[in-house]
Amino acid sequence: MRVIRTITELRQAVALLRADAKKIALVPTMGALHDGHMSLVKMAQHVADCVIVTIFVNPTQFGPAEDFSKYPRQEIADLALLTEHNVQIAYVPDVTEMYQPGFATTMQVGGVSGGLCGAVRPGHFDGVALVVTKLLLQAAPDIAIFGEKDYQQLMVIKRLASDLDIPVEIMGAPILREKDGLALSSRNVYLTDKERRIAPELYKCLQQCAAALTAGGEVTSLLENAISHLLSAGFSSVDYMELRDAATLAPCTHYKGQPARLLVAARLGSCRLIDNIELTT
Ligand code: PAF
């Protein structure tokens, strides 16, 4: 596997692949790779000839009180895992390569970035939009793959790629879960043993609420019940539990079988867990 750290070198590598008519898939990550990331890599290998995985802990998507400095970083282990999975290129720029002195551009994607994580983490999606746009312009992939665990992020990225006419297909990959249902996340390492035992309640609660919604239950009261359930299970607070339109993320006050997604973010000790589920009729 080739490890590339500069934009110039990445562009040269991509130009050679293009000259060879290779289809390129990009898998952007912040490292601390786990099986969830590897499922994105496998999907990328299925749809393209060459896979580029990026590892970059992007400072612009973290708020001042968030975990940028303590976000898990394990480059050597990550690169070994990518090599084991036959990834051709790991793109690992440092902060000064991505944000050169004098950098002054900001981005804001309206609509889908409102509410949910956008309300709780002001500026987060601006930073995500900025770095993903830069990565798409730097690597010029045919396809870019993002996990559905960050469902709102996926919708923000689809929106920006479409609005900015970036010639790339944005694909979502299904959420990978532990046996007990907890969605895989690099941040799960923050959970204490006790919190880890409580954490699977998040998915159980999503499943129960989704089943009740599809059975025709009243949306507002079911969402309220689900929040109470999480608080009694041991979550310290619930940022949101909401039913949204699957494509526009507009709030759904009624459910009549339309494509919808139930999304949750809840806090457990120092850890903030997010998850979501598709409503199927
Ligand atoms: O989901 C992530 O890991 C990050 O938000 C992303 C898309 C790599 C941008 O930094």
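View 1. Pro251 counts as exposed, because its relative accessibility is 58%. Exposed means over 50% relative accessible area, buried under 20%, and partly exposed in between (1.4 Å probe, protein chains only). The model is predicted: local features need pLDDT of at least 70, side-chain atom pairs count only at pLDDT 80 or more, and totals for chains, interfaces and linings use all residues. Residues are numbered from 1 along each chain as its sequence is written, and side-chain values use heavy atoms, with hydrogens and water left out. Pro251 sits in the loop between strand E7 (237-245) and strand E8 (260-268). Strands are DSSP runs of at least two residues (E), numbered from the N terminus. Gly115 is 136 residues away from Pro251 in sequence, yet the two C-alpha atoms are 9.4 Å apart in space.

**View 2. The pair Phe62 and Tyr71.** The structure holds four aromatic pairs. One of them joins Phe62 and Tyr71, edge-to-face, with 5.9 Å centre to centre and 75 degrees between the planes. Rings of Phe, Tyr and Trp (its six-membered ring) pair if their centres lie within 6.5 Å; planes under 30 degrees apart are stacked, over 60 edge-to-face, and the rest tilted. Phe62 is buried, at 10% relative accessible area. Tyr71 is buried too, at 7%.

**View 3. An aromatic cluster.** Phe56, Tyr99 and Phe103 form one aromatic cluster. The planes of Tyr99 and Phe103 stand at 90 degrees, with ring centres 5.0 Å apart, so this pair is edge-to-face. Tyr99 has 12% relative accessibility and therefore counts as buried. Phe103 has 33% and counts as partly exposed.

**View 4. Arginines over rings.** Arg73 lies over the face of Phe68, at 4.8 Å from the ring centre. Arg177 lies over the face of Tyr203, at 3.4 Å from the ring centre. A charge sits over a ring if NZ of Lys or CZ of Arg is within 6 Å of the ring centre and within 35 degrees of the ring normal.

View 5. A polar side-chain atom of Gln61 lies 2.6 Å from a ligand oxygen. For Gln153, a side-chain N or O atom is 2.7 Å from an oxygen atom of the ligand. On its own the ligand has 290 Å² of accessible area, and the protein covers 88% of that (Shrake-Rupley method, 1.4 Å probe).

Terms used. Polar contact = N/O pair within 3.5 Å; in protein donor to acceptor, adjacent residues only side chain to side chain. Helix = DSSP H or I, 4+ residues; strand = E, 2+ residues; numbered from the N terminus.
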